[in-house]
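Please have the sequence and the model open as you read.

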Amino acid sequence: MAVDELQAIIQRCQILEEADFKGEDFNLFQVAGQKCLEDGYAAQLLEVIQNEKNKVIIKNMGWNLISPLVRCIFMYKQEDDKREHCLRILDQLAQLCNPKELFLGLLEQIEQTSGEQVCQTVMLLLQPLQTVLLKLQNKKAYSVGLSLAMIMNQLTPLPVPYTKQQIQEDKLGLCQCCNAVVDFAKPFVNEVVKNMEKSSGNNDMELKEELIKFCMQSLKYPLLAAQLEHLEGIEEHPFRHFATEITVSAVEMNYSLCRTSGANQEFADIERKNSADSLACLSYLMFVQHFGVECLPVVFSPSYLLLCNMTHIEVLLKRTEESVLSKGLDLFESCLLRIEDNSLLHHYLELRGFINVTQDLVKIMTLCPMEHMRKKSLNILQLFIDKFDTEGKYTLFRCLLKTSNHAGVEGYIIKNIKDQIHLALTNECDKIWFTGHHLISLLDLVLSLPEGAETDLLQNSDRIMASLNLLRYLVIKDCESDNQTGVWTTLGKIEQNFLKPLRVGLNMSKAHYEAEIKNKKENRKEAHNSNTVCSVTVSGEKMPAMTTGMQLQVLHSALFTFDLIESVLARVEELIEVKTKAVMDENS
């Protein structure tokens, strides 16, 4: 019987000194203890472990029971008494066993677990692992770091619940497990923070570094991918609680590391080792969700905070996952909302990060498959424009016109230019950048066709319409006698580089599309079936297979766009002619 075998081994070892235990004794104890567990004698095994006479034996040999013990715990149902006995055995082993040996045994179990049992195993072993670590004297920092790294490495492959339903279901237990892990780390974090005013020894500094590594790893996974907004119906959002604990711990320990290091070299070294993703997520949590922000001194200007966060914003905006991209947009928006309109100095645009982020926004606006992300990025671009001083707006417009390579974006910027010209002409504000020679330089970019008369007018219709509307506004608003904008001085150049090529291009495009329509109609009459499927190319791109009727609709839509451009062009030409003639009449 398993219990009898165990008792026999115990009785033999009781008469031996601790130093006289042999490898055979360890093996026999493990086999007998495992058999007791597997045969359902957990209660009897618990009695043996609790017996004071067996204290030395359990101290040296008990850690060998961890593996079979974990298997049996998962084998029994929640309400089974045998499972309760196994849990009490685990607690006793944590109290009685050699800390070093038990530490290695617990880590081995965590390392060997996989799949759906990862979170269950980690949560089961966290309490005994914490008990053991608190007992360790030597290499405590290393052991804490090793434990946290092992746990996070096991959790990282698991998918992060994102939707409300996934968070509520928490199928793999990741939400619950993350909060259990942060509770596991709390005594060690408290130890670091408590000693922050003292002159820390090497071990204390090492513990800080290990805990900061854990915080940074947690920021990258799961927090970077997690949904952290308030969700209706979830009173205690598990990831928000986890994020709060991680952020506060990271900020407090970073601050303590700075204070205790004299120079900030240690902190700088740790920060360099951490990933850009983690630091970007930390900024999001602090400045958007306001976790741990009370730990920061309130002395930084809004523009300085934007400057500091630009690197993090750039990191987030370069990602394509919705969970990460949305954090980048939210962080950018949050920083901009702190700044007063027209107050951001143009010098910031000399920094590469500001230009990079602007270009990233344009990519999201034009390429992101998620419509709500495209709309949000457009709103943030406008917010970004509004914050700059007049010279900054001017510089940003020039940059976007040269780099966006997208007619829709260019059309949007040209509308903004028109608004700034209106302000310059109607208000007593800084007029220098949107009147006179500075404006003429900008108009050279606006009032032109990329490829002259050969330009694809359909593809560039947004830009062309915005340019014509701007020119119409200038001709109406700015009298030739005043010529504040300088448009009348450069009218000949505008006609040569923009209006005449546009007229030629319109005539060519309309003739081409009208011929295409005529051919399609003739082909349809000849065809036996009017629903014959064929292909058509518009703006240099081959359209999906369409019926002849569908193709005709596309071609007519293109003609309508050309007619619209032509009507505005005609109006601009008419206004120029009328105003020019009026001035000539006055001078005659």
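What does the accessible surface of the protein come to, and what share of it belongs to carbon and sulfur atoms? The accessible surface is about 28900 Å², and 50% of that belongs to carbon and sulfur atoms; such areas come from the Shrake-Rupley method with a 1.4 Å probe, and for residues only the protein chains shown count as cover.

A word on the source: this is a predicted model, in which local features need pLDDT of at least 70 and side-chain atom pairs count only at pLDDT 80 or more, while totals for chains, interfaces and linings use all residues. Residues are numbered from 1 along each chain as its sequence is written, and side-chain values use heavy atoms, with hydrogens and water left out.

Now for the overall picture. The protein has 25 helices and 4 strands, taken as DSSP runs numbered from the N terminus (helices H or I, at least four residues; strands E, at least two). Of its 588 residues, 50% are buried, where buried means under 20% relative accessible area, exposed over 50%, and partly exposed in between (1.4 Å probe, protein chains only). Among contacts between residues at least 6 apart in sequence, 74% join residues at least 24 apart; a contact means heavy atoms within 4.5 Å.

Let's begin with a loop. N54 lies between α3 (42-50) and α4 (55-61), and counts as buried because its relative accessibility is 3%. Leaving aside residues up to four places away in sequence, N54 touches I10, Q14 and V48.

I364 and T320 are 44 residues apart along the chain, yet their C-alpha atoms are separated by 9.0 Å.

Helix α18 also packs against α20, at an angle of about 50 degrees and with the axes 11 Å apart. Axes here are lines fitted to C-alpha atoms, for helices over the stretch in contact, and angles run from 0 to 180 degrees between N-to-C directions. That angle makes α18 oblique to α20 (under 35 degrees counts as roughly parallel, over 145 as roughly antiparallel, 65 to 115 as roughly perpendicular and the rest as oblique). I355, T358, Q359 and V362 of α18 make the contact with L396, C399, L400 and T403 of α20.

Follow α20 (residues 390-403) to its packing with α21 (residues 407-426): the angle is about 155 degrees and the axes are 10 Å apart. The two helices are therefore roughly antiparallel. On the α20 side, K393, F397, L400 and L401 meet E410, I413, I414, N416, I417 and Q420 of α21.

Which helices do the buried residues of α22 pack against? They pack against α20, α21 and α23. In α22 (residues 436-446), these buried residues are H438, L439, I440, L442, L443 and V446.

Our last stop is α23 (residues 461-477), whose 17 residues reach 24 Å from first C-alpha to last, close to the 24 Å expected at 1.5 Å a residue; the expected span is 1.5 Å times one less than the number of residues. Because 12 of the 17 residues of α23 are buried, the helix is largely enclosed by the rest of the structure. Among them are R463, M465, Y473 and V475.
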